Amino acid sequence: VLSHANLMANVRAMGAAVSANPEDVFVSWLPLYHDLGLIGANFASLVLGFPTVLMSPLAFLSRPSSWMRAIHRHRGTMSGGPNFSFELCLRRIPDEDMEGIDLSSWRFAFNAAEPVSPDTIIEFEKHFGRFGLRKNCLSPSYGLAESSVGVAITVPGTPWRADRLDRERFTKTGEAVEAPADASSPLIVIGCGTPIPGHDIRVVDSAGQELPDRQEGHLQFRGPSSTSGYYRNPEATKTLFGSGDWLNTGDRAYLSEGTLFLTGREKDIIIRGGRNISPYELEQAVGDLAGVRRGCVAVFGSRDASTGTERVVVLAEMRSDDASRHDDLKRMSNELAVSLVGAPADDIVLAPPGTVPKTSSGKIRRVAAREFYERGPSAVTGGAVWLQFVRLVLAGAAPQLRRGLRTLGGALFALRAYVSFAL
């Protein structure tokens, strides 16, 4: 539940954080059924007074260079999307499609709505810097619908931050200690900016006590953008609120000099051998293997009833149904698991395209993936794109039908009155 006041407060705070003004031009391909596109791009345009150029999401997905060309053509200053959109540009835009394109007007490129990859930012800056992209233009940011949309933003023009942590110490104690220079497998955690004006964040332990800098715990937030609760769901609302006016995000994180460093979702953390294992890093690594569909890998914990511990399971979609490479891919996936989480995966499932469940915005549904693994495909409710379009059409048809009936009723009333007076 979000009030108009919540939305206005969030849009104005985000605008202040990025120094938005009427001279800016926002270019957006983000779908309007997602809060980042609806509130972050379109409501911001109405409140802050700058023009927004809208693109079809399908146009961007089918031809990513159309995004770059729109920024060039309209001299866009603000634009962005989830990490996968920057990855898609790196993989799918050949240099010849960038001929004549100048990205020097782009001053704020937010990367949000899913985990941010430092490698993606580095490669994007390096590659598109040849076409005028400014240094420190990319802005890792963080938000959630319970705070309207935005919570923390890396201020445009300031360098983004990434910590290189001692993996063993962090997974066992939660202390974010810098790794030695010669560490073979440090844990890289990217900073997602500082809180937007008028909003606060903090990290607490399981008892709700605030933790010091560089100690991982539960992330909470508060501010004028905060929801009053979940619609007609008092049980979920009860779990949302911590102490006082602080709300729980469901994310784990630590703070360092005011900057937010996200480490994973609480419900996705795998606990094995006294270590907290975040699945994202292993998912990225397995997705980079030739033959595996990037962005279509789910790593999750499945409880072993005989031992009472969690088994690490990797569910990965294959690009083809060629089974001859399965053994090699499983071996390479286990080598990655050993280097990243300290032990091989307990099970690796190589599956056909469309197996790994995702949300409407493309995020991996790890809980649903675990249900798929433990109880079979029937346990996972469908999330096909065509079903989403059908739901959107039906949802939009009902209000239109009501409007039509009201209009028809008014017309019949007017006709009756006209006939009565005429006679």
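Guide: Let us begin with a definition: a salt bridge is a side-chain nitrogen of Lys or Arg within 4 Å of a carboxyl oxygen of Asp or Glu. Please note that the model shown is predicted.

Visitor: Why is the pair Arg366 and Asp268 called a salt bridge?

Guide: The nitrogen and oxygen of Arg366 and Asp268 are 2.8 Å apart. The cut-off is 4 Å, so the pair is a salt bridge. Arg366 belongs to helix H11 (residues 366-375), whereas Asp268 sits in the loop between strand S13 (259-265) and strand S14 (270-272), so the pair ties together parts that are 98 residues apart in sequence.

Visitor: How do you know whether Arg366 and Asp268 are buried or exposed?

Guide: Buried means under 20% relative accessible area. Arg366 has 13% and therefore counts as buried. Asp268, at 9%, also counts as buried.

Visitor: What makes Glu168 and Arg275 a salt bridge?

Guide: The closest N and O atoms of Glu168 and Arg275 are 2.6 Å apart. The limit is 4 Å, so the term applies. This pair links distant parts of the chain, with Glu168 in helix H7 (residues 167-173) and Arg275 in strand S15 (residues 275-277), 107 residues apart.

Visitor: How many salt bridges does the rule give?

Guide: The count comes to 24 salt bridges. The protein has 46 positive and 46 negative side chains, and the centres of the two sets lie 7 Å apart.

Visitor: Why is Leu7 called buried?

Guide: Leu7 has a relative accessible area of 16%, and the cut-off is 20%, so Leu7 is buried. This residue lies in helix H1 (residues 4-17). Leaving aside neighbours within four places in sequence, Leu7 is in contact with Leu2, Ile39, Phe43 and Ser148. Leu7 and Ser148 are 141 residues apart in sequence, and their C-alpha atoms are 6.0 Å apart in space.

Visitor: Which residues of helix H6 are buried, and what covers them?

Guide: In helix H6 (residues 118-128), the buried residues are Pro118, Thr120, Ile121, Phe124, Glu125, His127 and Phe128. Their cover includes helix H4 (65-74), helix H5 (83-92), strand S4 (108-111), strand S5 (138-143) and strand S8 (187-190).

Visitor: What share of the whole protein is buried?

Guide: Buried residues make up 45% of the 423 residues. The protein exposes about 21,100 Å², of which carbon and sulfur atoms supply 57%.

Visitor: How many helices and strands are there, and what makes the protein as compact as a globular protein of its length?

Guide: There are 12 helices and 18 strands. The radius of gyration is 24 Å, close to the 22 Å that the globule rule gives for 423 residues, so the protein is as compact as a globular protein of that length.

Terms used: Residues are numbered from 1 along each chain as its sequence is written. This is a predicted model: local features need pLDDT of at least 70, side-chain atom pairs count only at pLDDT 80 or more; totals for chains, interfaces and linings use all residues. Side-chain values use heavy atoms; hydrogens and water are left out. Helices (H or I, at least four residues) and strands (E, at least two) are DSSP runs, numbered from the N terminus. The radius of gyration is taken over C-alpha atoms; the globule rule is 2.2 Å times the number of residues to the power 0.38. Buried means under 20% relative accessible area, exposed over 50%, partly exposed in between (1.4 Å probe, protein chains only). Accessible areas come from the Shrake-Rupley method with a 1.4 Å probe; for residues, only the protein chains shown count as cover. Lys and Arg count as positive and Asp and Glu as negative; His and the chain ends are not counted. The place of a charge is taken as NZ of Lys, CZ of Arg, CG of Asp or CD of Glu. Contact means heavy atoms within 4.5 Å.
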